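Subject: Structure handover

Hello,

Here is the structure for you to take over. Please open it alongside this email.

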Amino acid sequence: MEGISAEHLQFSHPCLPALLAKLFQLMIFSSYIPEGFRYNYIVPIPKPKECYSKSLTCDDFRGIAISPILSKVFEHCILYRFGSFFDTADNQFGFKKGLGCNFAVRAVRNIVENFTKNGSTSNLCAIDLSKAFDKVNHHALYLKLMKRFISNELLDILECWLSRCYSCVKWYDAWSFLFIVNFGVRQGAVLSPFLFAIYLDDLTRSPLLTRGMFIALYADDILLVAPSVCMLDKLLKICDRELDLLDMVINVKKSCCLRIGPRNNFSCSPISTSKGTVLPWVSEIRYLGIYIKQSTNFKCSIDHAKRSLYRSANAIFGRVGRIASEDITLQLINTKCIPILLYGLEACPLLKSDLSAIDFVINRLFMKLFRTSNIDVVKCCQEHFGFELPSVIWSKKVKKFEAKFLACNNLLCNIIYCE
């Protein structure tokens, strides 16, 4: 299967789908995975944004597995045919059709606002897991699948697949030796996100959870919300105990706590894991690319978004400089930079000062492009090129998102929104 791409299948002979269907049926009935389906290669992707300004270690890379195209087609068929076995709790927002990071942020916002409206102070804890996808225990995963009464044929073929996977690392034109993968699910595979969600699903079903405790997940990004510090400490210990049973380790260097509400500035008792490691109280946490600030109300910081926009805009100016026309440069800014600036902000409440700040960033780019400091000239240029300011785009995105959010059938979103 080496060298076969999606285009080969798309423009192949009409009889190929029938042949693949026969092959996949034989694989299911015999519970056997061909050798070619077992092999993949891993491409390391740098995690930190400042990867060009620091010395990187192995922990600074995320390995993305590139699987054969026929293997991915087979995984899609399994997902389509047996999708009901891969359903997870509504607390898990990742890898579900119609949901995204903005839905998770909006649900957390609703929880926090319900607490603050009643005079309570919300206590949040953002948990980061160390090498979460790579530490999935296959035997524990099989047990969780059996509890869902998965068919024997599907369980056998998943066991056959996961127990004998081979991989190697590709770095530019260099290839490592092949090695067997005994743990984890491959990031980049079609079924891996769903299997990982099943692996963590019991985290939200603990009988020790009480009213007022909320857990929001997006893949391995976990956010805990409670109305008191004592309840947050209890909730953290419940999650830590469950994660310990799953051989998952909390990365204490990237996990922290934050308070939102009328008593957000009060000093609090330290929150610690079951092993005694203290998680710090901070003034800002990062959740799904959104920076939530310590405040009396739910607020998001736009400073990081502005810096990201400046980096991308400077990269465009550095590449095209004065070579490209103003129309092309503005088109690049509109398609590459504006989405970076507004990422996830449709789920956040922005003040007039925030909208003025993001508009000011674009006005500065126009001043640089047209070599002027006159705001009237900038407005004329924006009108001439039909360039909408971020505040206008944000308003339109909020209206579309709110309509989708209200129509969402996610139980967590609906219950909190209706309270």
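Below are notes on confidence, aromatic contacts and strand pairing.

Confidence

This is a predicted model. The mean pLDDT of the protein chain is 88, with 97% of its residues at 70 or more. Confidence is highest in strand β9 (residues 256-260), at a mean of 94. It is lowest in helix α15 (residues 411-418), at 69. Where pLDDT is low, the predicted coordinates should not be read in detail.

Take Phe24 and Phe74, one of them. Their ring centres are 4.9 Å apart and their planes stand at 45°, so this pair is tilted. Phe24 sits in helix α2 (residues 16-30) and Phe74 in helix α4 (residues 69-81), so the contact ties together parts 50 residues apart in sequence.

Now look at Trp171 and Tyr172. Here the ring centres lie 5.3 Å apart with the planes at 90°, so the pair is edge-to-face. Trp171 is partly exposed, with a relative accessible area of 44%. Tyr172 counts as exposed, at 64%.

Charges over rings

Two arginines are worth a look. Arg38 places its charged end over the ring of Tyr32, 5.7 Å from the ring centre. Arg81 lies over the face of Phe82, at 5.2 Å from the ring centre.

Strand pairing around β4

Strand β4 (residues 165-171) pairs with strand β1 (residues 39-46) in the parallel sense, over four bridges. In this pairing, Asn40 stands opposite Ser167 of β4.

β4 also pairs with strand β6 (residues 179-181), in the antiparallel sense and over three bridges. Cys165 stands opposite Val181 in β6.

Strand β5 (residues 174-175) runs antiparallel to β4, and two bridges join them. Trp171 has Ala174 in β5 as its bridge partner. β4 and β5 form a hairpin with two residues between them. Tyr172 is in that turn, with a positive phi of about 55°. This is the Tyr172 whose ring pairs edge-to-face with Trp171.

Where to start

What should you open with?

Best wishes

Notes
Residues numbered from 1 in each chain as written. Predicted model: local features only at pLDDT ≥ 70, side-chain atom pairs only at ≥ 80, totals over all residues. Heavy atoms only, no water. Phe/Tyr/Trp six-rings, centres within 6.5 Å; stacked < 30°, edge-to-face > 60°. Buried < 20%, exposed > 50% of the residue type's maximum accessible area, 1.4 Å probe, protein only. Lys NZ or Arg CZ within 6 Å of the ring centre and 35° of its normal. pLDDT = per-residue confidence, 0-100. Pairing = 2+ DSSP bridges.
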